[in-house]
Amino acid sequence: MNDALPGRMVLSGPDMARALRRVGHEVLEANKGSADLVLLGIPSRGVPLAHRLAQTMAEVEGEHVPCGALDITMYRDDLRRQPVRHVEPTSLPPGGVEGKVVVLVDDVLYSGRTVRAALDALADYGRPQSVRLAVMVDRGHRELPIRADYVGKNLPTAKTERVWVRLAEVDGHDEVRIAQEAGS
Amino acid sequence: MKHLLSMADLSREEILAILDTAATMHEVQHREVKKLPTLRGRTIINFFFEDSTRTRSSFELAGKWMSADTINLTGKGTSVSKGESLRDTVKTIDAMGVDMMVIRHMASGAPATIAQWTNCSIVNAGDGTHEHPSQALLDAYTMRARLGDLEGRHVALVGDLAHSRVLRSNLICLRTLGARVTLVAPPTLMPSGIGPWSEGDGFATSYDLDDVLPSVDAVMMLRVQRERMSGGYFPTAREYAVTYGLTTARLAALPGHAVIAHPGPMNRGLEISGEAADAAQSLVLEQVSAGVAVRMSILYHLLSGEAMSA
């Protein structure tokens, strides 16, 4: 089934695991431990990534890091440009986000519009002490003044290319692929 | 999906998509800040030619919580009372550039007719004795929240079926979701022509509530609509309550896991006893609470997505 996927692999499963572990360490280093940290994954693939990151950090610090999901569909600015999108559940950890150091977790950072929507969504739940952004892949081509604080892999791409982050929890296996978009 | 006129227009997948979105919208209701920016700049007119409390207020709240601008109009106090035709009235409103009209009308089929006259999305919020799709969706939502998947579940719809638009929408919705449905009513309140319909569509009918109750997963009591009746459907209210009401005695005959639904407003002591309405299995308040979430989901599914080329 791997052969059926288009394009080429740029990160293997072990590559992704190493990158994620490094990102976990970076977050803990910058925050000087896990105090007040809350990880929020952006559905769909940000959520399992956030859980993996939480697990890595628990192994390092020996402390549980609260982890949740933040759906941003209702905050998108392109709802009228695409077919109706499926809405995923939002689940915040019991402590909420008020006064916390929130780390948003997503698979790919591209235009930055998802992150903008996530910041709007987050504001409706409370006022975090600070908000950080961790992504598996930063592929460039930002359309907004937004950057990631923690990046698994910087991946120079052309706009005509597509990047897929595949995760065992969703897709059955881990890898990052890049391919020419069909029709371009 | 541009309009919501009849449950018959929705596939199983579309119904489930609306119910799933409603589940996430339900969470908004418990937030301190009940506001989503999703429908910013969109305009919704709630046009109610007939009285309504919960449907109108929940559509209005749903629109407001999603940042749409909503306006309520009633038959009274508009040009309708000056003799303007329905067509002229809705054309006038359409010309103002609204995105959606939510319509309740005493004439069956009015929303579908209006949909042909305008460019905006039309939601049927109850038309005569025809349909009330948003009610059926929220009923399915609450039953699903307690019972899980409705596929193969047995649901009894009981009461004044002949005058009930809720019945028709619920029947179609439940059948689409794969539930087993039994209609229970006195012969005078059974819709005419139900025989061939039930055979063709695979649902059952019964005149005996006690016979049906022990096997149900959910029982929905429909309101006896005195305002639509010229009388003579049953001898006395007391006799109706005894033979077709969900009395305290019948409450005990329900299976332990079964739930009780009522779309409201209830006639306590007539089709449902106070004990049954307030019992732990009763979904009545959950139905009201889900009303806004389900209607937010409906607005989302009709008003987001690719802009229709005019």
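User: Leaving aside its neighbours within four places in sequence, which residues is Ser164(B) in contact with?

Analyst: Two residues are in contact if their C-beta atoms, placed from the backbone, lie within 7 Å. By that rule, Ser164(B) touches Thr129(B) and Leu222(B), once neighbours within four places in sequence are set aside. This is a predicted model: local features need pLDDT of at least 70, side-chain atom pairs count only at pLDDT 80 or more, and totals for chains, interfaces and linings use all residues. Residues are numbered from 1 along each chain as its sequence is written, while chains are lettered from A and ligands numbered from 1 in the order in which they are written.

User: Where is the place of Ser164(B), and does it count as buried or exposed?

Analyst: A residue is buried if 20 or more other C-beta atoms lie within 10 Å of its own, exposed if 12 or fewer, and partly exposed in between, with C-beta atoms placed from the backbone. Ser164(B) counts as buried because it has 24 C-beta neighbours inside 10 Å. Its place is in the loop between strand S5 (154–159) and helix H6 (165–176) of chain B. Such helices (H or I, at least four residues) and strands (E, at least two) are DSSP runs, numbered from the N terminus.

User: Which strands does S5(B) pair with?

Analyst: Strands of a sheet pair through backbone hydrogen bonds, either parallel or antiparallel. Here two strands pair if DSSP finds at least two bridges between them. S5(B) pairs in the parallel sense with strand S6 (residues 180–184) of chain B over five bridges; in S6(B), Thr182(B) is the bridge partner of Ala156(B). S5(B) also pairs in the parallel sense with strand S8 (residues 218–222) of chain B, over five bridges. There, Leu157(B) stands opposite Met220(B) in S8(B). Five of the six residues of S5(B) are buried, so this strand is largely enclosed by the rest of the structure.

User: How does the chain cross from S5(B) to S6(B)?

Analyst: A crossover is right-handed if, with the strands pointing away from the viewer, the path from the first strand over the helix to the second runs clockwise. The chain goes from S5(B) through H6(B) to S6(B), and this β-α-β crossover is right-handed.

User: In what order do the five strands of the open sheet in chain A stand?

Analyst: The order is S3-S2-S4-S5-S6, with parallel pairing. Strand S3 (67–69) and strand S6 (150–154) of chain A stand at the edges with a single partner strand each, so one side of each has no neighbour in the sheet. Neighbouring strands are turned by 25 degrees against each other on average, direction ignored. For angles, axes are lines fitted to C-alpha atoms, for helices over the stretch in contact, and angles run from 0 to 180 degrees between N-to-C directions. Helix H1 (residues 13–31) of chain A lies across S2, S4, strand S5 (130–138) and S6 of chain A, at about 150 degrees to S6(A). Helix H3 (residues 113–123) of chain A lies across S4 and S5 of chain A, at about 155 degrees to S4(A).

User: How is chain B divided into domains?

Analyst: Domain bounds come from an automatic or database domain assignment. Chain B has domain 1 (7–131 + 289–303) and domain 2 (133–287). Their C-alpha centres lie 25 Å apart. The contact takes 24 residues from domain 1 of chain B and 22 residues from domain 2 of chain B. On the domain 1 side, the elements that give two or more residues are helix H1 (12–28), strand S4 (121–127) and helix H12 (284–303) of chain B. H12(B) gives the most, with six residues.

User: Which peptide bonds and phi values stand out, such as that of Lys32(A)?

Analyst: Most residues other than glycine have a negative phi, and most peptide bonds are trans. Lys32(A) is not a glycine, yet its phi is positive, near 55 degrees. Lys32(A) lies in the loop between H1 and S2 of chain A, and counts as exposed because it has 7 C-beta neighbours inside 10 Å. A cis peptide bond joins Pro43(A) and Ser44(A), with omega about 0 degrees. Another cis bond runs from Gly264(B) to Pro265(B), with omega near -10 degrees.
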